[in-house]
Amino acid sequence: LNVTHIVNASNRTAPNAFADRGVSYLNVDLEDDVGADIKCCLDGACLYIKDALAKPKGVVFVHCMVGVSRSATITVAAMCCLGKEGSSQPMSLREAFDHVKERRPAIRPNPLFAEQLLEWAALRNPDKSAAPDITAEDICGGSLKFYKVGAKAAAARGALDRLGSDGSDSGSSWLVWVVVVAAVVLAAVVL
């Protein structure tokens with residue numbers, strides 16, 4: 001493939017194995033979870049990819065661990081910046097997503113990344129009145145409702161872990177757990 005540049009979005013789970021062969025790396029240290037802010041990485045990744053492709057024989061490989069969420073989000077953003085081949089016009093988010101999805105049908109950015117990608121694209125859109133041509137549900141391939149409930153459940157589990165972290169057992173931790181579970185279930189019904 002003659003790759004000259006790699007965007008490693010695996011949070012360094014996958015090593016930079018070809019650095020000793022002259023391959024340049026951009027490490028995007030980010031987990032694929034509900035607390036991750038991929039939006040803050042997109043401009044830097046796009047600039048890195050654009051600069052790499054401007055070099056003679058520049059070839060970029062973008063990867064994460066599965067090639068479904070982090071790398072897909074970065075690649076879609078990069079396609080928005082780069083535009084269509086042979087054109088100086090940027091792609092819309094819908095065009096970029098469809099372009100990447102056509103070449104790698106398995107992509108499915110997590111819902112949080114889908115929402116952040118929409119926010120990022122809106123900031124880049126000079127015509128603020130134009131509605132986005134794609135939704136977060138289109139990008140992540142499903143409902144955001146259950147993902148948000150899962151995020152709340154993860155936060156609740158974290159709160160429970162912190163509650164018992166001092167080693168004390170007040171005997172009421174089971175009650176807190178019941179209240180938290182009830183709150184998460186209620187959130188699922190309300191959403």
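1. Ground rules. This is a predicted model, where local features need pLDDT of at least 70, side-chain atom pairs count only at pLDDT 80 or more, and totals for chains, interfaces and linings use all residues. Residues are numbered from 1 along each chain as its sequence is written, and side-chain values use heavy atoms, with hydrogens and water left out.

2. Overall make-up. The protein chain has seven helices and three strands, taken as DSSP runs (helices H or I, at least four residues; strands E, at least two) and numbered from the N terminus. Reading from the N terminus, the order is β-β-α-β-α-α-α-α-α-α.

3. Burial and surface. Of the 191 residues, 36% are buried, meaning under 20% relative accessible area with a 1.4 Å probe, protein chains only. The chain exposes about 11200 Å², and 59% of that comes from carbon and sulfur atoms.

4. Contact range. Among contacts (heavy atoms within 4.5 Å) with a separation of 6 or more, 62% join residues 24 or more positions apart.

5. The α1/α2 pair. Helix α1 (residues 39–54) and helix α2 (residues 70–82) have axes that come within 9 Å and cross at roughly 60 degrees; the axes are lines fitted to C-alpha atoms over the stretch in contact, with angles running from 0 to 180 degrees between N-to-C directions. The two helices are therefore oblique to each other, as angles under 35 degrees count as roughly parallel, over 145 as roughly antiparallel, 65 to 115 as roughly perpendicular and the rest as oblique.

6. Who touches whom. On α1 the contact uses L42, A45, C46, I49, K50 and L53, and on α2 it uses T73, I74, A77, A78, C81 and L82.

Terms used:
Buried means under 20% relative accessible area, exposed over 50%, partly exposed in between (1.4 Å probe, protein chains only). Accessible areas come from the Shrake-Rupley method with a 1.4 Å probe; for residues, only the protein chains shown count as cover.
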